[in-house]
Amino acid sequence: FREWFLESFVPEVENYLKKKNLDFKVLLLLDNVPGHPQDLSHPNIQIEFLPPNTTSLIQPLDQGIIYTFKSYCIRRSLQDFRLY
């Protein structure tokens, strides 16, 4: 993640903002996945981590994905325990 942040995200965002004649000031919101290092920093990027266990509440698109996935898993689990 650190490599992506420093070698992809930062340069891409900087180039994009330059093309738009905007200041290089960015807010990056990250969820609390263990793969996201807590010590990332850049002088022009403010990094904020979302509170744990709130993804489905504050990211509405995830609600549909999570609901569909849970439904699928429950259906599959119940198929394995059919009564004969």
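Guide: Exposed, here, means a relative accessible area over 50%. Keep in mind that this is a predicted model.

Visitor: Why does Asp 39 count as exposed?

Guide: Asp 39 has 55% relative accessibility, and the cut-off is over 50%, so Asp 39 counts as exposed. You'll find Asp 39 in the loop between β1 (26-30) and β2 (45-49).

Visitor: What makes the link between the side chains of Asp 39 and Arg 2 a polar contact?

Guide: Those side chains come to 2.9 Å, and the limit is within 3.5 Å for a pair of N or O atoms. The two residues are 37 residues apart along the chain, with 9.5 Å between their C-alpha atoms.

Visitor: Okay, on to the rings. Why is the pair of Phe 1 and Trp 4 called tilted?

Guide: Their planes sit at 45°. Stacked needs under 30 degrees and edge-to-face over 60, so this pair is tilted. The ring centres are 5.2 Å apart. Trp 4 also pairs with Phe 9, at 5.3 Å and 40°, so that pair is tilted too.

Visitor: How do you know whether Phe 9 is buried or exposed?

Guide: Phe 9 has 15% relative accessibility; buried means under 20%, so Phe 9 is buried.

Visitor: What does Phe 9 belong to?

Guide: Phe 9 is one of the 12 residues of the largest nonpolar core, which also includes Val 26, Leu 28 and Ile 45. The element giving the most to this core is α1, with 5 residues. Phe 9 touches Val 26, Leu 28 and Ile 45, along with Trp 4, leaving aside residues up to four places away in sequence.

Methods:
Residues are numbered from 1 along each chain as its sequence is written. This is a predicted model: local features need pLDDT of at least 70, side-chain atom pairs count only at pLDDT 80 or more; totals for chains, interfaces and linings use all residues. Side-chain values use heavy atoms; hydrogens and water are left out. Helices (H or I, at least four residues) and strands (E, at least two) are DSSP runs, numbered from the N terminus. Buried means under 20% relative accessible area, exposed over 50%, partly exposed in between (1.4 Å probe, protein chains only). A polar contact is a pair of N or O atoms within 3.5 Å; within protein, one must be able to donate a hydrogen and the other to accept it, and residues adjacent in sequence count only if both atoms are side-chain atoms. A nonpolar core is a set of buried Ala, Val, Leu, Ile, Met, Phe, Trp, Tyr and Cys residues joined through side-chain atoms within 4.5 Å. Contact means heavy atoms within 4.5 Å. Rings of Phe, Tyr and Trp (its six-membered ring) pair if their centres lie within 6.5 Å; planes under 30 degrees apart count as stacked, over 60 as edge-to-face and the rest as tilted.
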